[in-house]
Amino acid sequence: MSAKPEVSLVREASRQIVAGGSAGLVEICLMHPLDVVKTRLFGFYKGILPPILAETPKRAVKFFTFEQYKKLLGYVSLSPALTFAIAGLGSGLTEAIVVNPFEVVKVGLQANRNTFAEQPSTVGYARQIIKKEGWGLQGLNKGLTATLGRHGVFNMVYFGFYYNVKNMIPVNKDPILEFWRKFGIGLLSGTIASVINIPFDVAKSRIQGPQPVPGEIKYRTCFKTMATVYQEEGILALYKGLLPKIMRLGPGGAVMLLVYEYTYSWLQENW
């Protein structure tokens with residue numbers, strides 16, 4: 001008798017992970033050409049494998065942890081609106097802890113591309129960082145506070161806005177109109193979340209990227225970096241890159257939510 005609930009929990013978790021991974025996979029396949037079109041006319045899907053390998057498990061973590069935090073918060077006396085937002089925040093913080101070392105390696109490889117005599121592998125470069133700087137906030141976890149802010153704020157707004165607004169607007173009986181209802185809410189969710197969290201994104205890029213003066217660390221902590229950028233470059237510098245981010249995460253965010261919901265629903269019925 002005791003084995004059945006355990007199998008049920010594992011199956012439910014598997015559904016959430018598969019649905020979340022599927023959401024990331026589809027989003028990358030649909031939105032990757034937007035990254036490529038800026039630099040080339042043909043070969044839209046060139047270089048798509050690394051993003052798929054990185055983003056698919058990351059999205060699985062995002063949706064799986066959101067569902068788990070939402071379930072845990074069900075034991076606390078909170079309004080549904082607050083539950084969605086806090087579960088989103090928890091999901092983002094967890095996602096940030098998981099992905100930050102990979103972000104440090106990725107940003108380092110991109111920033112130092114022209115300085116390498118021979119481009120090192122991802123694993124080789126990660127080993128170089130650990131050997132030189134260690135695992136801490138100056139090493140493989142550099143910029144962690146900014147990454148926590150970036151993902152935590154984004155997911156809090158993204159999930160909180162989507163599920164709360166979706167519950168307010170009546171369901172449409174026409175499946176096509178219902179699809180567009182969800183897509184529109186998802187588009188707004190990704191757009192608003194991007195606008196609110198981009199200062200954390202800018203801070204993360206400054207901390208993890210190359211410093212203005214080689215050998216001298218100017219950007220260390222999240223909020224101090226934001227303050228420095230604001231004082232030296234003005235408020236607009238904290239929103240640098242907002243338009244391409246919205247173009248990617250607005251529709252991309254809608255795609256992920258819809259793919260997750262439809263895949264999860266299909267898995268509940270068929271697996």
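Mentor: Let us begin with one residue and its partners, bearing in mind that this is a predicted model. Not counting residues up to four places away in sequence, L257 touches F63, Y158, F159, Y162, Y163 and G186.

Trainee: Which residues have the most contacts inside the largest nonpolar core, and how many residues does that core have?

Mentor: The largest nonpolar core has 27 residues, and those with the most contacts inside it are F63, Y158, F159, Y163 and L257. Two or more residues come from each of α1 (3–36), α2 (49–73), α3 (80–111), α5 (144–168), α6 (175–208) and α8 (242–270), and the largest share, 10 residues, is given by α8. Another core, of 11 residues, lies apart from it and has V153, Y219, A237 and L238 among its members.

Trainee: How should I read two packed helices, and at what angle do α3 and α5 pack?

Mentor: Two packed helices are described by the angle between their axes together with the distance between those axes. Here α3 and α5 pack at an angle of about 145 degrees, their axes being 6 Å apart, and α3 passes α5 in a right-handed crossing. Sorted by class, the residues of this contact are 14 nonpolar, 11 polar and 3 charged.

Trainee: Is E27 buried or exposed, and what does it touch?

Mentor: Burial is judged from relative accessible area, with under 20% counting as buried. E27, which lies in helix α1, counts as buried because its relative accessibility is 0%. Beyond residues up to four places away in sequence, E27 touches H32, R59, R248, G252, V255 and M256, and its side chain is joined to that of R248 by a polar contact of 3.1 Å. The C-alpha atoms of E27 and P251 are separated by 8.9 Å, although these residues are 224 residues apart along the chain.

Trainee: Why does R15 count as buried, and which residue has its backbone oxygen 2.3 Å from a polar atom of the R15 side chain?

Mentor: R15, found in helix α1, counts as buried because its relative accessibility is 11%. The backbone oxygen in question belongs to W271, and, leaving aside neighbours within four places in sequence, R15 is in contact with Y264, L267, Q268 and W271.

Trainee: Why does R206 count as buried?

Mentor: R206, placed in helix α6, has a relative accessibility of 19% and therefore counts as buried. With neighbours within four places in sequence left aside, R206 is in contact with Q211, Y219, T225, V229 and E233.

Notes: Residues numbered from 1 in each chain as written. Predicted model: local features only at pLDDT ≥ 70, side-chain atom pairs only at ≥ 80, totals over all residues. Heavy atoms only, no water. Core = buried A, V, L, I, M, F, W, Y, C linked by side-chain atoms within 4.5 Å. Buried < 20%, exposed > 50% of the residue type's maximum accessible area, 1.4 Å probe, protein only. Helix = DSSP H or I, 4+ residues; strand = E, 2+ residues; numbered from the N terminus. Contact = heavy atoms within 4.5 Å. Polar contact = N/O pair within 3.5 Å; in protein donor to acceptor, adjacent residues only side chain to side chain. Axes fitted to C-alpha atoms, helices over the stretch in contact; angles between N-to-C directions. Left-handed = near helix turned anticlockwise from the far one by under 90°. Nonpolar A, V, L, I, M, F, W, Y, C, P; charged D, E, K, R; others polar.
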